[in-house]
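Reader: I am new to reading structures. Could you take one part and go through it closely with me?

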Amino acid sequence: EMSAKGSFSFRNEQILQTYIDDGVYLRLERIGLAVARVYFVNEGHAEVPVPEGFRITDHSNSDVDVPRVPNREEYVLGWTDNYSLLRGDVVIIKLLNQRRWALQGAPERAVTAV
C-alpha cells in the first residue's frame with residue numbers, strides 16, 4: 001500500500017523528484033498556473049530520455065495513458081486529473097488532486113461540519 005509522500009503546489013516554483021533506478025530521477029515541475037511537466041534527469045541533473053516501460057495513466061479519463069509531448073522526452077499534466085506514474089505495471093507514485101479548499105476567517109468566526 002502506498003503512503004503519503006508530500007504534496008505538489010502549482011503556486012510555487014519548487015521542483016520535486018524521486019529516484020527511479022540506474023541513476024535516473026523523475027522530476028515534477030510547474031510550467032503554468034494549472035500545468036506541470038514530468039521529465040527525467042541523471043545524477044548530473046541533465047535531462048535524459050523517458051525510461052523504457054514508463055507510462056502515465058490518467059484515472060480521471062477512463063484510465064487512458066497520457067501521451068508524451070511530441071518530439072520531447074516529457075509529459076504534460078493538468079491539475080484537475082488524478083494520475084499514476086508507472087514503470088511497467090509497478091506504480092512509482094500517484095498524483096491525487098485533493099479538490100479541497102483551505103478555509104480562513106476572522107478569529108471569532110467558527111466553521112464546523114454539520
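Predicted model: local features only at pLDDT ≥ 70, side-chain atom pairs only at ≥ 80, totals over all residues.

Which ring does the charged end of arginine 37 sit over?

Author: The charged end of arginine 37 sits over the ring of tyrosine 39, 3.6 Å from its centre. Arginine 37 also belongs to a network.

Now to strand 2, which covers residues 24-30. Arginine 27 is found there. Among its contacts beyond four places in sequence are Arg37 and Tyr39, the two residues we began with. Ile15, Leu16, Val38 and Val41 are on that contact list too. Arginine 27 is buried, yet it has no salt bridge. The nearest side chain of opposite charge, glutamate 29, is 6.6 Å away. Arginine 27 does have polar contacts. One joins its side chain to that of glutamine 17, at 2.9 Å. Another joins it to the side chain of histidine 45, at 2.8 Å.

Next, leucine 26, also in strand 2. Leucine 26 is buried, with a relative accessible area of 4%. Setting aside residues up to four places away in sequence, it touches Leu16, Gln17, Val38 and Tyr39, among others. Phe40 and Phe54 are also on its list. Arginine 11 is another matter: it is 15 residues from leucine 26 in sequence and 20 Å away in space, C-alpha to C-alpha.

Strand 2 also holds arginine 30. Its side chain meets that of glutamate 13 in a salt bridge (2.2 Å, N to O). Glutamate 13 lies in the segment before strand 1, so the pair ties together parts that are 17 residues apart in sequence. Arginine 30 counts as buried, at 16% relative accessibility. Glutamate 13 is exposed, at 59%.

Aspartate 21 is partly exposed, with a relative accessible area of 29%. Arginine 87 is partly exposed too, at 25%. A search of the whole structure finds nine salt bridges.

How values were computed: Residues numbered from 1 in each chain as written. Heavy atoms only, no water. Helix = DSSP H or I, 4+ residues; strand = E, 2+ residues; numbered from the N terminus. Buried < 20%, exposed > 50% of the residue type's maximum accessible area, 1.4 Å probe, protein only. Lys, Arg positive; Asp, Glu negative; His and termini not counted. Salt bridge = Lys/Arg side-chain N within 4 Å of Asp/Glu carboxyl O. Polar contact = N/O pair within 3.5 Å; in protein donor to acceptor, adjacent residues only side chain to side chain. Contact = heavy atoms within 4.5 Å. Lys NZ or Arg CZ within 6 Å of the ring centre and 35° of its normal.
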